[in-house]
Every structure is written in C-alpha cells, then in structure tokens.
Amino acid sequence: MSVRQDVRHGLRIGRAEFVRSLRGYLGNPRRVLGLLLTALFFGGALLFALPTAYVLGQTARSVAAVPFFAPAATLVPLGLLSVSVFRTLERLGHIDGADFVLLAVHPRAVVIGLITAEVGRLSLWFGIPIGAVVVTFALGMGSPLLVALGGAVTLPLVCCAAVWGYAGGIAVLRLLRKLPNLRRLLKGVGILAMVGLVVASQFAGQFIVESDLSVQRLLSTVAFDPLVEYVALAFVGTPVSRPTSLGAVAVLAALIALTPVGLAVSTKQVSTLWFTDSVGNNESTQVRRSSGGFSAPQPFAWTKPSRIAWGILVRGRRDPAELSHLLIAVFFIAPFGTMFLEFSGDALGPLITGGGVVLATYLSGATFGLNPLGDDRPQLPFLLLTETSSAALVRGRLLAGVAVGVPIAVLSSFVSILFGITVLEAVATAAVGVVMCLAASMFAVGIGSAYPIYEEREFWGTETVVPSTLVMMVYLFVVGGGTVLGLFVTWFAVTGNVVLTPVFGVLFGTYLLLTGGISYGSYRYALRRHRRYTLA
Amino acid sequence: MPSTHDESAILATDLRKTYSSEVALDSLTLDIPHGTVYGFLGPNGAGKTTTMRLLTGLSDPDSGSVRVCGVDPSDRRAIAGRVGYLPETPPLYDEFSAREQLEYVADLRDISRSVARERIGEYLDQFGLAGDADRRIDGYSKGMKQKTAFIQSVLHEPDVLYLDEPTSGLDPRAARTIRESIIAFADAGTTVFLSTHILPVVEAVADKVGVLFDGRLVTEGTPAEVQARAETGESGSLEDAFLAVTSEPETDAASRRE
C-alpha cells in the first residue's frame with residue numbers, strides 16, 4: 001500500500017515540478033526568444049542528421065554494422081549515470097517548498113517525484129531530437145517496431161541509471177556537508193579540471209587526426225558485451241535482429257532488480273541529508289568580522305565613483321561565488337590553451353601578451369558590468385534615493401571592472417618581455433590593452449542594462465543572480481573579436497609591417513569608430529537606463 | 001479531525017540541539033495538552049525555529065525525545081497527517097495559482113477531490129482570496145501569500161498546528177482573520193503552537209506562554225502567570241514581562257561583574 005501511495009505521490013510531485021519548470025521556461029518572453037534561437041540552431045543540425053539516419057537505416061545489414069553501436073551501447077548508460085549524479089549535485093539534492101512537502105509525503109515519494117520531473121525535463125530537451133533520429137532510422141530500416149522496442153529497452157536503463165545516479169549524488173552531497181573544506185577544494189579543483197578537460201579534448205582530437213589510430217578501434221575497446229547484447233534487444237523483430245543472448249537477459253534482470261534497490265538506497269540517503277543538520281564546521285553559524293570600517297585605499301579614495309568601485313571589489317572578493325558566471329569564458333578560451341604549448345621561441349611572447357590582453361578585456365566588462373541593474377536590484381530603492389548621481393554609480397561599476405582588467409593587461413605585456421618581445425611592443429600592447437579594458441567595460445554596462453536579470457538561479461552549484469546567457473555570449477564575441485583585431489593591428493604596427501594604404505585607413509578608421517562609438521553609446525545608454533529606472 | 005486520545009498533544013523531553021560548538025537549544029521540556037494555543041516567545045536567535053523543526057521532525061535533536069499526539073515525529077508516515085506547519089517563509093510555488101497550489105497540497109495530503117474542492121472554496125472565501133484564486137502566486141502581495149500558506153497548512157485539518165510568525169507583515173484585517181482562525185481551530189480541538197514576536201497576538205489568543213531565551217525555556221505559564229512571575233506590576237503587559245525575563249542573564253552577568 002505504501003509503495004503504491006509513494007509512487008502516486010511521486011508522480012504527482014513529478015508532474016507539478018515539471019509544470020513549474022515548463023512555466024519557468026515559457027514565463028518570460030526573452031527566455032522564449034532564447035529557446036527559439038536554440039531550437040533554430042539545433043533544429044537545422046537535426047534536419048541534416050535525419051536523412052543520414054534514414055540512409056543508415058536503409059543500408060544497415062546487421063546490428064554490428066550500425067556505426068559506433070557497441071561503444072555507444074556501453075557509453076550511453078554510463079553517460080546517463082553521470083548526468084544523474086551531476087544533476088543531483090546541481091539541482092535535485094533538495095526540493096522547493098521542502099517544509100511543506102516533507103511534512104506531507106514520505107521522502108521516497110519526493111525522490112520519485114524529483115527523478116520523474118528531471119527525466120521529463122531531459123526528455124523535453126533531448127528526447128525530441130533523439131526520438132526523431134530513432135524514428136527516421138526505423139523508417140529507413142522499414143521496422144517501426146524498433147521505436148517501441150527501443151523505448152522498452154531504454155526505460156529500465158534510464159530508471160536504473162537515474163536512481164543509482166541519484167543515490168551517488170546524494171552520497172557526494174552528504175560527504176561535502178561533512179567536509180566543507182573538501183567542498184571548497186573541489187570547487188577550485190573542478191574549475192581546473194574543466195579547463196584541463198577542454199584543453200585535453202583539443203589534444204585528443206589532434207592526436208587522433210595526426211596518428212594512425214582508428215576511432216572505431218579505440219572505441220571498440222570500451223564496449224561491454226552484455227550491455228551491447230542488451231541494447232541489441234531493441235532490434236528484435238527487425239531485419240537485423242540477432243538471437244537473444246543469456247547476457248542480455250541477465251542485464252535486463254539486473255536492471256529490474258537494481259532499480260528498487262537504488263530507490264531504497266536513495267531514500268535512505270536523502271532522509272539522512274534532509275532530516276539531519278550538518279556536522280563539523282557549519283558555515284551558516286560562522287561569524288565573519290570586518291574591522292576598520294569602510295575606507296578605500298589610494299587611488300580608490302580619490303573620487304566617489306572610485307570609492308563605489310572599491311566597495312564593489314570588496315564585495316566581489318568576499319563573495320566570489322557571485323562571479324561564477326565568469327567561468328563561461330573557459331569554454332572559449334581553453335581551446336586556445338594548446339597554442340601556448342605548441343608554440344615556442346618567438347611566438348610565445350606575443351601569445352602571452354595577446355592572451356593576457358584578451359583575458360583582461362573580458363574580465364573588465366564581464367566581472368561586474370554585465371548585469372548592473374540586476375546586481376544592484378536589492379539596493380536600488382536606497383541607491384536611487386541617495387544624492388549620488390546615476391553617473392557616479394555606473395562609473396563606479398565600470399571602474400571596478402577596469403581595476404580587475406588593467407593590471408592583467410599590463411602585467412601580461414611586461415611579463416612577455418621575458419619571452420622575447422621588445423619593450424616597445426610590450427608598452428604598445430599594454431597601452432592598447434588599457435584602452436580596450438575601458439572600452440569593454442563601457443560596452444558591458446550598456447548591454448547589461450539593456451537586458452537585466454533579477455531572479456537568482458542555480459549556477460555552478462551557487463544560487464546567485466547571473467547575467468543573461470545571451471548578453472554574455474554577445475559580449476564575448478564582440479569584445480573578444482574586437483580585441484583580437486586591435487591587437488593584430490597594434491602588433492603589425494609596432495613590428496613595422498603595416499602598409500598605410502587608403503583601404504587600410506578606411507578599415508582602421510571604421511574599426512576605431514565602431515569601438516569608440518559602440519562603447520560610448522553603450523555607456524550613455526547605461527546612464528539613461530539608470531536615471532530613468534523605476535522599480536517594477 | 002483532531003485527536004481525542006489522552007496523550008499530550010506535544011511532549012518534548014530534555015531536547016538539546018547544537019550547531020558545531022554553538023548550543024541552539026538546551027534542556028527544553030514542553031508538555032502541551034490538546035486544544036491549547038501555546039504562545040512561544042523569544043528574542044531573535046533564541047532557538048524558536050530550531051524548536052519548531054525538532055517538533056515537526058524536520059530536524060533531529062542531539063538528545064532528548066519528542067512525541068506529537070503520541071507519535072515520534074521521525075515516523076514520517078504517522079506524523080504526516082497529524083501536523084500542519086507554516087514556516088516563516090511561506091513554502092509556496094510562484095508558478096502556481098493559489099487554487100492550483102491548494103489542490104496540489106490536497107492531492108499530496110490524500111484529501112478526496114470533492115472534499116478538497118469544497119474546503120478550498122470555503123477557505124478562499126474566508127480569507128478573501130476567492131477573486132484572486134486563479135492568479136499566479138508570483139503576483140501576490142505578502143499578505144496574500146501568507147494567507148494562502150496558512151490555508152495550505154490547515155487544509156488537512158491537523159491535530160497540531162505549528163505557526164511561525166503567521167501575522168508578520170500582514171495588514172490589520174488579514175492579521176485579524178488569521179488570529180480568529182487560530183481561535184476557531186483551538187476551539188475545535190486543534191493544538192496551536194504559535195511562535196511570534198507580536199506580543200498582543202499572543203495575549204489575545206494564547207492559553208499558555210513559554211519564553212525561550214538563549215536556547216532555554218526561562219518561563220512558562222498562562223499569560224497572567226508569566227506577567228506575575230516577572231513582577232512587572234499590575235499595569236505590566238506581556239511585553240514588559242517578556243523584556244524582564246529575557247534580560248535577566250544580562251542583569252545577572254552585570255551583577256556578577258560588580
């Protein structure tokens with residue numbers, strides 16, 4: 001009785017959580033626009049993939065002939081397990097409205113609900129394209145039965161991976177709660193590991209291309225036969241079906257048996273996590289003190305905007321989790337990491353100075369400038385009623401970003417002297433870097449003001465107000481592209497390789513005009529938005 | 001329906017709770033009969049919310065025991081139908097309308113659809129939310145959210161109702177509605193454990209008052225007894241008594257220093 005009741009409650013919770021997510025996605029017109037753009041981008045790729053899937057279905061003569069079938073059949077369940085662990089760590093470790101839900105139903109129902117909702121969300125994002133590819137493949141093969149059997153084979157796999165991944169994720173959360181120092185360490189290590197992973201992926205790709213290694217042969221080493229046999233059950237009744245093996249049946253039996261066990265383990269784990277308090281260093285009870293009052297050091301003490309900038313810097317330093325959005329740059333900058341290792345001698349100096357200036361300009365705007373109204377939202381009722389002008393407030397935020405970026409631009413330029421660039425080249429790139437930092441910061445406050453985000457959301461395990469992803473992407477491409485162009489021109493100019501032609505003059509003039517004009521216009525726009533801001 | 005058995009509605013014995021080296025609650029013993037409105041007072045950080053969490057089973061004590069209507073709160077299935085809890089931050093889903101929220105709650109509470117519909121309709125009328133019942137909660141005022149959360153906590157007619165600052169931030173009309181509801185529930189036999197800083201509310205509805213200070217219950221009794229014990233004089237109010245009993249350690253410390 002209680003199992004049936006928990007399943008019923010769980011499905012109800014799952015439905016409610018899924019509906020809440022759906023309303024969250026569709027509740028904001030800007031989010032809908034973002035979703036449409038995403039759908040347009042990936043929909044195009046899907047349209048190209050479907051004919052290929054159809055042809056593959058037509059030409060497949062055996063299961064083994066399906067490209068990458070064996071490694072995929074092994075790696076996909078592992079991937080599902082990893083996703084489940086990751087999503088539990090990130091989102092499913094708690095339920096909203098816990099004070100009410102945990103007093104109304106058994107924790108097992110909550111676990112079922114959270115997992116059901118997550119499967120629903122993932123199906124919404126990935127189920128439609130994967131389903132479309134499978135259906136097209138099945139049609140190409142002339143066996144629509146494959147779709148039904150594919151679903152039947154996938155279901156136990158997904159259920160088992162979901163509950164055991166959940167149990168694993170909760171176990172990690174419990175461990176992190178017991179060892180808060182480990183949590184802090186893992187955050188740092190996690191960022192480094194992610195950068196390493198992105199860089200390593202570049203090497204791996206290059207290695208595969210340059211060596212004689214066959215991808216097919218490489219992947220075949222990871223195939224786990226019983227799992228491959230099990231997934232091949234989806235092809236029963238199709239022209240390529242093969243005899244059902246004992247291994248496949250054993251895997252099916254194991255999946256069916258392990259799912260309730262995983263659910264029981266998960267329930268036990270969450271009950272401990274939710275109904276006991278943390279032991280050891282409880283961060284919430286730690287009292288942190290700051291002595292000496294608020295006094296900005298030189299040169300921040302000079303003007304009001306610079307004192308405001310100092311306040312922003314101090315807050316950022318004390319709560320670095322608020323800056324977690326900066327990590328998005330890792331995905332764009334890390335791939336270039338291999339270049340630093342490939343180049344040596346003369347090229348390393350320019351690369352270090354160039355990389356430093358690009359990073360500096362990125363940080364100048366992105367650190368504090370991409371969501372000025374959203375970041376200040378809780379304080380705006382106070383800030384807007386002070387004697388301090390909007391200009392001072394915006395300039396303060398702008399200067400805080402510049403204070404982060406400029407030292408990096410200057411330092412990287414002068415460090416590069418050790419790697420072979422001349423003092424003149426270092427001074428020139430540093431000077432250009434400083435100007436670029438200012439321009440990037442001015443641009444950031446403008447686009448950030450155009451698209452403010454006020455709601456907190458979970459980002460890299462931290463509940464914080466994060467700038468819009470669209471704004472971050474636009475900023476990255478505009479500032480990244482602009483900085484690289486400017487650096488190239490600077491480099492060619494100081495090395496005497498620029499030929500002053502009318503075409504160059506027009507192009508360079510346009511570049512300067514766009515850089516200056518867009519940055520200044522953006523800054524003016526931020527001022528105007530700030531001055532006319534009314535609380536919603 | 002409220003329980004009619006003989007055990008105390010809430011029986012807590014020697015509860016102790018620590019966070020790291022900080023003692024949040026020490027030797028707390030409570031024995032609250034059925035149908036009582038128990039006003040639970042204490043300054044900020046005294047341990048009131050911790051107590052509520054221990055009494056609902058949402059948190060485990062380091063030592064001591066709790067029985068609610070004879071049930072150990074750690075028995076989640078047994079406790080679920082007996083208690084209602086309104087925490088200080090209303091546990092509502094902004095993406096739902098009040099009606100959706102309450103129907104969802106009723107579903108999880110296993111209240112039949114027809115009964116749920118009838119109760120929800122009555123409560124929405126009683127709390128003046130009927131006209132806004134289909135609006136999403138993210139557009140509600142603080143008072144509307146609080147009223148919705150209050151209905152949510154009583155929808156299954158619990159034996160024991162825990163209320164953490166139920167009238168905080170409400171306009172006088174909304175506060176009165178909740179105050180009257182507390183009295184009505186107590187008259188029907190529900191035990192109400194009411195934690196609030198608004199002392200006139202406690203004076204108006206509480207049968208018994210307990211004052212928590214620094215994790216310890218420093219005084220307990222009827223409002224009149226507490227006032228008398230605090231020696232605040234005939235004109236003294238519950239507020240005077242509260243201030244008197246929650247400043248004693250400081251006075252003691254001062255006298256010790258002298």
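**Strand pairing, chain contact and cavities**

Student: What makes strand S6 of chain B and strand S7 of chain B a pair?

Tutor: In this predicted model, five bridges join S6(B), residues 160-164, to S7(B), residues 191-195, and the two strands run parallel. As one instance, Tyr162(B) has Phe193(B) in S7(B) as its bridge partner.

Student: Where do S6 and S7 stand in the order of the open sheet of chain B?

Tutor: The sheet has six strands in the order S5-S6-S7-S3-S8-S9, with mixed pairing.

Student: Why are S5 and S9 of chain B called edge strands?

Tutor: Each of S5 and S9 (216-221) pairs on one side only, and therefore each is an edge by the two-bridge criterion for pairing. From one strand to the next, the twist averages 15°.

Student: Which strands of chain B does H5(B) lie across?

Tutor: H5(B) lies across S5 and S6 of chain B, and runs at about 165° to S5(B).

Student: How many residues does each chain bring to the contact between chain A and chain B?

Tutor: Chain A contributes 31 residues and chain B contributes 30. Together the chains bury about 2900 Å², with 54% of that on carbon and sulfur atoms. On the chain A side, the residues that lose the most area to chain B are Arg23(A), Phe100(A) and Leu103(A), which together account for 27% of what that side buries.

Student: What makes the space in the largest cavity a cavity, and what is its volume?

Tutor: The term applies because a 1.4 Å probe fits there but cannot get out. The space amounts to about 70 Å³. The lining comprises Asp99(A), Phe100(A) and Leu103(A), with Gly84(B), Tyr85(B), Arg109(B), Gln152(B) and Ser153(B). Two or more lining residues come from each of helix H4 (98-104) of chain A, strand S5 (83-86) of chain B and helix H5 (142-154) of chain B. H4(A) gives the most, three residues.

Student: How do the lining residues of the largest cavity divide by class?

Tutor: Three are nonpolar, three polar and two charged. Gly84(B) belongs to the lining, and Gly counts as polar.

Student: What lines the second largest cavity?

Tutor: Its lining residues include Glu229(A), Leu233(A), Arg242(A) and Pro243(A). The volume is about 40 Å³, and the lining has four nonpolar, two polar and two charged residues. The search of the whole structure finds two cavities of 30 Å³ or more.

Notes: Residues are numbered from 1 along each chain as its sequence is written. Chains are lettered from A and ligands numbered from 1 in the order in which they are written. This is a predicted model: local features need pLDDT of at least 70, side-chain atom pairs count only at pLDDT 80 or more; totals for chains, interfaces and linings use all residues. Side-chain values use heavy atoms; hydrogens and water are left out. On a 1 Å grid over the protein atoms alone, a cavity is a set of points where a 1.4 Å probe fits but cannot get out, and a pocket is an open set with protein on both sides within 12 Å along at least five of seven lines; lining residues have an atom within 4 Å of a point. Grid points are joined across faces, edges and corners, and a volume is the space filled by probe spheres set on the points. Helices (H or I, at least four residues) and strands (E, at least two) are DSSP runs, numbered from the N terminus. Axes are lines fitted to C-alpha atoms, for helices over the stretch in contact, and angles run from 0 to 180 degrees between N-to-C directions. Contact means heavy atoms within 4.5 Å. Buried area is the accessible area (1.4 Å probe) that two parts lose on being put together, summed over both.
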